Amino acid sequence: MSISILGARVIDPQSGLDQVTDLHLEGGRIAAMGAAPVGFTANRTLQADGLVVAPGLVDLGVSLREPGYSRKGTIASETRAAVAGGVTSLCCPPQTRPALDTSAVAELILDRAREAGNSKVYPIGALTKGLEGEQLAELVGLRDTGCVAFGNGLKEIPNNRTLARALEYAATFDLTVVFHSQDRDLAQGGLAHEGAMASFLGLPGIPETAETVALARNLLLVEQTGVRAHFTQITSARGARLIAQAQSLGLPVTADVALYQLILTDESLREFSSLYHVQPPLRSAADRDGLREAVKTGVIQAISSHHQPHERDAKLAPFGATEPGISSVDVLLPLAMTLVQDGLLDLPTLLARLTCGPADAMRLPAGQLKIGATADLVVFDPQASTVAGEHWYSRGDNCPFIGHCLPGAVRYTLVDGRICHEA
């Protein structure tokens with residue numbers, strides 16, 4: 001299908017392009033910018049005056065829940081939610097059932113993603129068999145199947161020698177390892193950030209050092225082994241500083257932050273709402289400010305939803321007995337636009353953290369607009385608004401932002417030049 005998008009503000013953070021122009025798509029790729037190619041005939045024309053065209057968003061943390069947890073979500077439902085939020089490429093973590101530690105599981109996920117025909121899915125494979133932290137998974141086989149990186153989730157590998165050997169192996173094959181840095185012993189039994197709010201509410205705390213102790217260990221092992229490392233879900237200002245120090249030493253280190261960590265703090269727990277129960281926990285206002293600064297400077301180069309849909313019953317128990325996680329990929333772009341509305345980031349910088357930043361971190365073929373590139377695009381209205389929950393595609397509605405009026409509205413999401421979402 002051939003499509004012309006006329007009169008939009010086209011922003012490509014990778015190249016620095018930011019101008020009002022036309023885009024012409026043909027054969028699933030960007031055929032031209034500005035004037036249409038000779039002989040080009042559009043099957044459909046999108047009049048986009050006042051709208052913004054950007055690379056499709058790249059989300060490094062979307063739990064698809066399948067296989068094993070289809071009561072919470074399916075590949076079809078969660079990728080449908082993703083394109084509604086402007087996401088054209090996403091990475092799914094290995095915490096499936098069975099764990100994503102074999103080529104068979106990876107192939108199942110990729111096949112069902114292709115059948116759904118929504119956003120593109122790039123699996124993150126399990127670093128160890130069953131995520132048990134003892135034996136390495138078949139990393140090269142998983143890579144050849146389509147896994148773009150490897151991690152163990154929040155299941156820490158307790159033996160430093162085992163972890164070092166795993167990183168040496170990954171470095172040998174130039175594989176990316178994803179770290180969730182949270183010390184198991186320091187975090188054990190904790191429900192909230194260890195601080196005044198946790199004490200006031202009587203909730204067991206998780207100290208900042210649960211992150212920074214694990215982060216320091218992992219960074220030292222990265223330095224020793226030379227492995228390419230991505231640190232996901234950074235939650236503390238001090239953790240961001242450790243990442244900055246590692247980058248200043250030239251270590252091959254990237255990082256992301258959950259979008260909700262840039263908006264919420266542990267003050268949100270005041271009413272004991274389980275919608276704010278996440279792991280790692282929401283931290284202090286000072287931590288939030290430190291994370292925002294790290295995103296602004298590019299120390300943290302990617303903002304992700306860290307979408308974790310749950311069935312309703314999972315959030316109905318008392319706070320400590322509920323399952324952690326927020327469902328938010330449906331509104332990733334409008335929710336991120338609050339950072340622009342509040343003057344924390346300009347629009348090109350925000351889009352960089354949502355597109356080329358995460359794509360570069362995982363070496364994905366995404367996140368840029370150029371002639372001949374795959375036409376994965378989001379077209380949105382920065383002046384319109386979105387009422388979160390008004391149109392909801394994820395199976396999980398465990399989102400504290402439902403009912404909020406958010407800035408910006410996704411009008412079209414295109415994957416391979418095909419309109420997958422139209423408001």
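**View 1. Strands E7 and E8 of the predicted model.** Strand E7 (residues 87-92) and strand E8 (residues 120-126) are paired in the parallel sense over 4 bridges. Two strands count as paired if DSSP finds at least two bridges between them. Cys-92 has Pro-123 in E8 as its bridge partner. Strands (E, at least two residues) and helices (H or I, at least four) are DSSP runs, numbered from the N terminus. This is a predicted model, in which local features need pLDDT of at least 70 and side-chain atom pairs count only at pLDDT 80 or more, while totals for chains, interfaces and linings use all residues. Residues are numbered from 1 along each chain as its sequence is written, and side-chain values use heavy atoms, with hydrogens and water left out.

**View 2. The open sheet of 8 strands.** The order of the strands is E6-E7-E8-E9-E10-E13-E14-E15, and the pairing is parallel. Strand E6 (57-59) and strand E15 (302-304) are the edge strands, each pairing on one side only. From one strand to the next, the twist averages 25°. Helix H11 (residues 347-354) lies across E6 and E15 and runs at about 75° to E15. Axes are lines fitted to C-alpha atoms, for helices over the stretch in contact, and angles run from 0 to 180 degrees between N-to-C directions. Contact means heavy atoms within 4.5 Å.

**View 3. Strand E10 and its two partners.** Of the 5 residues of strand E10 (residues 176-180), 4 are buried. Buried means under 20% relative accessible area, exposed over 50%, and partly exposed in between (1.4 Å probe, protein chains only). E10 runs parallel to strand E9 (residues 149-151), to which 2 bridges join it; here Gly-151 has Val-178 of E10 as its bridge partner. E10 also runs parallel to strand E13 (residues 228-232), and 5 bridges join these two. Thr-176 stands opposite Arg-228 in E13. Together, E9, helix H4 (residues 160-172) and E10 make a right-handed β-α-β unit. A crossover is right-handed if, with the strands pointing away from the viewer, the path from the first strand over the helix to the second runs clockwise.

**View 4. Packing of helices H1 and H2.** The axes of helix H1 (residues 75-84) and helix H2 (residues 103-116) cross at roughly 55° and come within 9 Å. H1 and H2 are therefore oblique to each other. Angles under 35 degrees count as roughly parallel, over 145 as roughly antiparallel, 65 to 115 as roughly perpendicular and the rest as oblique. Ile-75, Ala-76 and Thr-79 of H1 make the contact with Ile-109, Arg-112, Ala-113 and Ala-116 of H2.

**View 5. Packing of helices H7 and H8.** Helix H7 (residues 209-225) and helix H8 (residues 237-248) pack with their axes 9 Å apart, at an angle of about 15°. H7 is therefore roughly parallel to H8. Their crossing is right-handed. On H7, the contact residues are Glu-211, Thr-212, Leu-215 and Leu-219, and on H8 they are Arg-238, Gly-239, Leu-242, Ile-243 and Ala-246.

**View 6. Gly-403 in its loop.** Gly-403 is in the loop between strand E16 (377-387) and strand E17 (405-415). Gly-403 has a relative accessible area of 54% and is therefore exposed. Leaving aside neighbours within four places in sequence, Gly-403 is in contact with Val-387 and Ala-388. The C-alpha atoms of Gly-403 and Ala-388 are 5.3 Å apart in space, although the two lie 15 residues apart in sequence.

Technical notes. A crossing is left-handed if the near helix is turned anticlockwise from the far one by less than a right angle, and right-handed if clockwise.
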